[in-house]
Amino acid sequence: MKNNEDSLLIYRLRKGDEKAYVSLVDLYSKRLFGYALSLTHDHAQSQDIVQNIFLKTWVKRKKLDIHSSLQNFLFKSVYNEFINQYKKKRSTMVLEQKYFNSLEKAVHLQDHQSFERIIEQISQEISQLPPKCQQIFILSKKEGLTNNEISAYLNISIKNVEAQITKAFGILRDRLGKKYKAIMMIVFGKAPSKAI
């Protein structure tokens, strides 16, 4: 019965039936929001994802090609939208949550306060970097810009960008000590080999 209802709803959507669209939103918005929230841990981002999914479904309604159930299609769409936003923004609550999860597994922290202390210390050391070095390091590791993008943005050579990032890792390594090496790798990505 459910498949027949799905088929009818999809058929009506393809025909541009606005009532079918309203029905789609009514039927699935809460479930999709709950799923999006489980991925993002952020209400605003979850709402944005769900709105985007419904909008894209309506815009592409004439080309809807659903082989599984309508629910599966929508849930997969939410996941794909989440991944797209994750890749695009790079520096969001989701990214921080992913880092937190990886960090926790890597160092077997016993409580959240330990994590906060480590991040606080790393952030403090980053704030003490030389101004240009700090700026480039943040653009690279926190904002997710590529070396080429930083080079164009700051109007400096790529080699200069690479040198400043290597320098930043070297300073942080010296100041934080060897026990923070693994954490730095997880939180900020792979350090240049010279900095390791």
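**Confidence**

I started with confidence per element in this predicted model. Helix α5 (residues 93-107) has the lowest mean pLDDT among the elements of the chain, 54. Helix α3 (residues 43-59) has the highest, 91. Here pLDDT is the predictor's confidence in each residue, from 0 to 100. Helices are DSSP runs (H or I, at least four residues), strands likewise (E, at least two), and both are numbered from the N terminus.

A contact means heavy atoms within 4.5 Å. Residues 190-196 are also below 50 in pLDDT, and that stretch has 17 contacts beyond near neighbours in sequence.

Ground rules for the rest: residues are numbered from 1 along each chain as its sequence is written, and side-chain values use heavy atoms, without hydrogens and water. Local features need pLDDT of at least 70 and side-chain atom pairs count only at pLDDT 80 or more, while totals for chains, interfaces and linings use all residues.

**Helices α2 and α3**

Two packed helices are described by the angle between their axes and the distance between the axes. At what angle do α2 and α3 pack? I read about 145°, with the axes 8 Å apart. The axes are lines fitted to C-alpha atoms, for helices over the stretch in contact, and angles run from 0 to 180 degrees between N-to-C directions. The crossing is right-handed. That label applies if the near helix is turned clockwise from the far one by less than a right angle, and left-handed if anticlockwise.

I listed the residues of the contact. On α2 they include Tyr21, Leu24, Leu32 and Phe33. On α3 they include Ile49, Val50, Phe54 and Trp58. By type, the contact divides into 13 nonpolar, seven polar and one charged. Nonpolar covers Ala, Val, Leu, Ile, Met, Phe, Trp, Tyr, Cys and Pro; charged covers Asp, Glu, Lys and Arg; the others, Gly among them, are polar.

**Salt bridges**

How many salt bridges does the structure hold? I found four. The criterion is a side-chain nitrogen of Lys or Arg within 4 Å of a carboxyl oxygen of Asp or Glu.

I checked Glu81 with Lys56, where the closest N and O atoms are 2.6 Å apart. This pair links distant parts of the chain: Glu81 sits in helix α4 (residues 70-89) and Lys56 in helix α3, 25 residues apart. Is Glu81 buried or exposed? Glu81 is buried, because its relative accessible area is 7%. The classes are buried under 20%, exposed over 50%, and partly exposed in between (1.4 Å probe, protein chains only). Lys56 is partly exposed at 38%.

Asp17 meets Arg12 at 3.0 Å, N to O. Asp17 is partly exposed at 25%, and Arg12 is partly exposed at 26%.

Arg173 and Asp174 form another bridge, at 3.1 Å between the closest N and O atoms. Arg173 is partly exposed at 35%, whereas Asp174 counts as exposed at 56%.

**Two lysines**

Lys15 lies in the loop between α1 (2-14) and α2 (18-40). Lys15 is exposed, at 61% relative accessibility. Its C-alpha atom is 7.1 Å from that of Lys62, 47 residues apart along the chain.

Lys19 lies in helix α2 and is exposed at 64%. Lys19 and Leu9 are 10 residues apart in sequence, and I read 9.7 Å from C-alpha to C-alpha.
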